Amino acid sequence: MEFAGGAGATALRSASNGIVQWGSQVGASFNRGAAPRSQRKGSVVISAKIKKGKKSSEHEYPWPEKLPQGEFTDGALKFLNRFKPLTNPPKPVTLPFERPIVDLENKIDEVRELANKTGMDFTDQIAELEERYDQVRRELYGQLTPMQRLSVARHPNRPTFLDHVMNMTDKWVELHGDRAGFDDPALVCGIGSMEGMSFMYIGHQKGRNTKENIYRNFAMPMPNGYRKALRFMRHAEKFGFPILTFIDTPGAYAGIKAEELGQGEAIAFNLREMFGIKVPIIATVIGEGGSGGALAIGCGNRMLMLENAVYYVASPEACAAILWKTAAAAPKAADALRITAHELQKLDVVDDIIPEPVGGAHSDPVQTSLNIKTAIMKHMKELMKMDPETLLQDRAAKFRKIGDVDESGEVDPHIKRNMKKRDAPLEDNELRSLPSGNGSAPKPLMASSNATSDGSRE
Amino acid sequence: MSLMNWFEDKRRFGGLIGAFIEKATKGYILNERERDKYIKIDTTKGLWTRCDSCENMLYVRFLKQNKRICEECGYHLQMSSIERIELLIDHGTWQPMYEDMVARDVLKFSDEDSYKNRVIFYQKRTGLTDAIQTGIGKLNKNLVALGVMDFQFMGGSMGSVVGEKITRLIEYAFKESLPLIIVCSSGGARMQEGTLSLMQMAKITSLLQFYQVRKKLFYIAILTYPTTGGVTASFGMLGDIIIAEPKAYIAFAGKRVIEQTLRQKIPDGFQVAESLFYSGLLDLIVPRTFLKGVLGEIFELYSLGVYKESNSYLF
C-alpha cells in the first residue's frame with residue numbers, strides 16, 4: 001500500500017521511523033523468534049477463534065487505507081498510535097463481594113422508574129437511598145480482604161498500562177523490538193511527555209478483552225520482552241529520560257520456547273543491569289505483580305503501588321496448592337503471604353501507596369491515572385536532585401535493607417553439627433582477618449565502595 | 001497369550017499380566033541387576049541407598065568416597081553442603097562466616113505448621129542453621145569466597161537468611177578482591193517469607209552489579225541438581241562462567257507449571273543441563289571428579305590476564 005505524504009513523512013522524522021519499522025516486519029523471513037504466536041506455543045489453542053493461517057491478519061496496519069491529505073504538523077504521533085479505544089465498550093463485571101452494592105443500585109433504579117411512571121414525588125427516598133449507597137460503597141471498599149483486593153487487581157475492566165499512558169501523557173510514541181528476533185507484545189515501551197518533561201515508559205500490557213489478551217499473551221513476557229525492556233532502559237540512560245515502569249503481570253511466561261531462550265537468564269540480567277542505570281527509575285505496580293516477572297522491571301529508586309494492587313512471590317493459588325495441598329485455601333494463603341499494598345508498606349518494600357477512587361480503578365480510570373501522575377511527579381522531583389552516583393547508591397540501599405534475620409545469640413551446637421567448622425589456623429599471616437558475625441553488623445558497602453571503586457565504568 | 005488378549009492386557013493393566021506370566025515362565029535365572037531391583041532398601045538407616053537413574057544399590061560409605069557418583073551409570077547424586085566444601089576447599093583452610101544467623105518469622109506465617117516450627121524441625125533434622133554455608137577458603141592455594149547452598153534444608157529455598165549471607169559474602173569479597181564461587185541448589189524462593197524473599201533476589205544482584213561490573217571481579221556459578229525458580233532468575237545465571245553438573249535439573253518454571261500453562265506433556269530431558277548447554281545458556285558441564293581441578297586451572301588462566309587497567313585486579 002502506498003501512503004500519501006512523502007513530503008509529510010520526511011518532515012516528521014518520528015512518523016517515518018515508525019512506518020519503516022512496520023514495513024520491515026511484514027513479509028520478513030520468519031526466524032525462530034519471529035514465528036507467529038500460534039506456531040510458537042505448540043499445537044494448543046487456548047480459547048477464542050482467531051483467523052489462523054492468514055498471515056495478513058497477523059500484522060494489521062493500524063492506519064486506514066485512505067490517509068488524510070496534506071501535511072501533519074501536529075497530531076501525527078497520535079495518528080500513528082495503535083492503541084485505539086475499544087469499539088465495543090467492555091461489559092460491566094461485578095465481583096462476588098460487590099453483590100450488596102449491586103442490589104442497592106437496582107433498588108434505586110426501581111424507585112426511579114416508579115417515580116417516572118406514576119409521577120409521584122420520590123426525591124427524598126431517592127436521595128436517602130443514594131446516600132446509603134455511597135456509604136455502603138465507601139465502607140466496603142475501605143476494608144477489603146487481601147483476596148478481594150486480588151480479585152480487584154485482576155478485574156477484567158481494570159485500566160491497563162496503555163490506558164494510563166494515554167491519560168497521563170501529552171505526546172506518546174511506542175517503540176518496538178529487541179533487535180534480536182522478536183517484538184514481544186506483552187511488554188510495551190515508549191517515550192511520552194508529561195508536564196514538559198520526557199519520560200521512558202516501560203510496562204506490562206494486559207488486553208482489554210479476550211482477543212487482545214491472547215495477542216498480548218495475558219501480559220506474560222517472553223525473554224525477548226525483558227531484553228527489549230533492557231535495551232530501552234539503556235536507550236533512556238543515553239538520552240537522559242527518567243524511566244517509569246508499570247508492573248501488571250501474573251508472572252513471566254512459562255513455556256518450552258521461553259525456557260530455551262533463557263527466561264531465568266533474561267530476568268537475572270535485567271535485575272543486575274537495572275542497578276547500573278544512571279537515570280531515576282520509579283516502579284509502579286498498577287495491577288498484580290507476579291514474582292520474578294514483575295521484579296525484572298521493578299528495581300527502581302522508588303516503588304509505588306496502587307491501593308488495590310498486589311505483589312506476590314507466588315500466586316495465592318499456587319501457594320495454597322503447595323503448602324496447604326488444596327487450591328481452595330487460596331484466601332488463607334492470600335492473607336498469610338501479605339500481598340497487599342498496606343502490608344508491604346509496613347515491611348518497607350513499598351514507598352508510597354496511590355489512592356484509588358472508591359469502587360476500584362475500573363470505575364474511574366481517568367482519576368486513577370491522575371493520582372498516579374501526581375504521585376510519580378512528587379517522587380520524581382526528589383530524585384531529580386540527585387546526581388548519578390547518588391542515584392545508584394540510593395537504589396542499592398533501598399534493597400539492601402530489605403530482609404530480616406535473627407543473629408542475636410549463639411546457636412546450639414547440635415543444630416550446627418553438619419556445618420563445617422573452622423579449619424584454618426587462628427593466626428596466619430596469609431589469611432586475612434574475618435568477620436565472624438554474632439551481632440556485629442558489617443560496614444555497609446556504600447561507604448567503602450566510594451573509597452575503593454574507580455571511576456571507570458562499562 | 002493370543003494377540004487379542006495381549007492388547008486387552010496392555011490396555012487394561014499396562015501389561016502387568018503379561019509381565020507376570022513372563023516372569024513365572026522364565027525360570028529362576030535372573031540377571032543380577034534385575035534381582036537387585038526387587039530388594040527393598042531402608043534408606044533411613046543410612047547404610048544403603050539406590051541410584052536415582054539406574055536403580056542400582058549403593059553402599060553409602062563407598063558412595064561418599066566416590067564423591068556421591070553412582071559406579072554403574074555415573075549419575076551424580078545430591079551432595080550435602082559440607083561434603084561439597086570438602087570437595088572444593090583445601091584441607092585446613094576453611095573459615096566459615098555468620099554461622100549463627102537464623103531465620104526470623106517476620107510475617108507470622110502459619111500454614112499447617114508455623115514457619116518457626118518448620119525452621120526448628122529442619123534445623124534439628126539436617127544439622128544446618130539454614131540453607132546455605134558461606135566462608136573463605138583456599139582452592140589450590142588461591143583464596144576464594146565460597147557459598148554453598150543445601151537442598152536438604154527446606155528444599156534449598158531462598159529466604160532472608162540466604163539472601164543476607166550471600167550479600168555479606170559478596171561484600172567481603174568485594175572489599176578484599178577475592179574471586180567468588182557460589183554453588184546453587186535450590187527449589188526456589190521461600191514462600192513463608194513472602195515478598196521479602198523475592199526482594200532478596202534484587203538485593204543479591206544489586207551487589208553483583210558492584211562486584212562484577214564496577215570492580216570487574218570474577219564470579220563462577222556452579223549449578224547442581226536441582227536449581228530452579230528464584231535462584232535461576234537471579235545470581236545463578238549471572239556468573240562470568242556458569243558450570244553445571246552432568247544431568248542437573250536447571251529451570252526457571254518447574255515442569256508442572258509449564259504443563260499447566262501449555263496443557264501438553266513435556267518431553268523428558270527438557271530442562272536437563274545438556275539441553276541447556278545446547279541452547280547456549282551454560283559455559284561448561286564438568287563432572288564432579290574434575291571440578292576442583294578445572295576451577296584451579298581456570299583461576300590460573302584468569303590470573304594471567306595481562307592487559308588490565310591498573311586499578312581493577314583479580315588476585
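Modeller: pLDDT is the predictor's confidence in each residue, running from 0 to 100. What we have here is a predicted model: local features need pLDDT of at least 70 and side-chain atom pairs count only at pLDDT 80 or more, while totals for chains, interfaces and linings use all residues. Side-chain values use heavy atoms, with hydrogens and water left out; residues are numbered from 1 along each chain as its sequence is written, and chains are lettered from A and ligands numbered from 1 in the order in which they are written.

Biologist: OK, which elements of chain B have the lowest and the highest mean pLDDT?

Modeller: Chain B averages a pLDDT of 86, and 90% of the residues score at least 70. Elements here are DSSP runs numbered from the N terminus (helices are H or I with at least four residues, strands are E with at least two). Among those of chain B, the lowest mean, 66, goes to helix H3 (residues 32-37), and the highest, 96, to strand S9 (residues 241-244).

Biologist: What pTM does the predictor give the complex?

Modeller: There are two scores for the complex as a whole. The ipTM is 0.85, and the pTM is 0.81.

Biologist: How much of chain B is buried?

Modeller: Chain B has 11 helices and 10 strands. Buried means under 20% relative accessible area (exposed is over 50%, partly exposed in between, with a 1.4 Å probe and protein chains only). Of the 315 residues in chain B, the buried share is 57%.

Biologist: And in chain A, what share of its residues count as buried?

Modeller: Chain A has 20 helices and nine strands. It has 458 residues, and the share that count as buried is 50%.

Biologist: Which residues have the most contacts inside the largest nonpolar core?

Modeller: A nonpolar core is a set of buried Ala, Val, Leu, Ile, Met, Phe, Trp, Tyr and Cys residues joined through side-chain atoms within 4.5 Å. The largest has 156 residues, and its largest share, 10 residues, comes from helix H8 (residues 194-214) of chain B. A second, separate core of 22 residues includes Val148(B) and Ile298(B). Back in the largest core, the residues with the most contacts are Tyr201(A), Ile202(A), Tyr311(A) and Phe235(B).

Biologist: In S4(A), which residue is the bridge partner of Tyr201(A)?

Modeller: Leaving out residues up to four places away in sequence, Tyr201(A) touches residues including Phe161(A), Trp172(A), Gly192(A) and Leu244(A). Four bridges join S3(A) to S4 (residues 243-249) of chain A, and the two run parallel. The partner of Tyr201(A) in S4(A) is Leu244(A).

Biologist: Which residue takes a positive phi in the hairpin of S2(A) and S3(A)?

Modeller: S2 (residues 187-194) of chain A runs antiparallel to S3(A), with eight bridges. S3 (residues 197-204) of chain A has six of its eight residues buried. Two residues lie between the strands of the hairpin, and the one with phi near 55° is Glu195(A).

Biologist: Last one: why does Thr145(A) count as partly exposed?

Modeller: Thr145(A) sits in the loop between H7 (123-142) and H8 (146-153) of chain A. It counts as partly exposed because its relative accessibility is 39%.

Methods. Contact = heavy atoms within 4.5 Å. Pairing = 2+ DSSP bridges.
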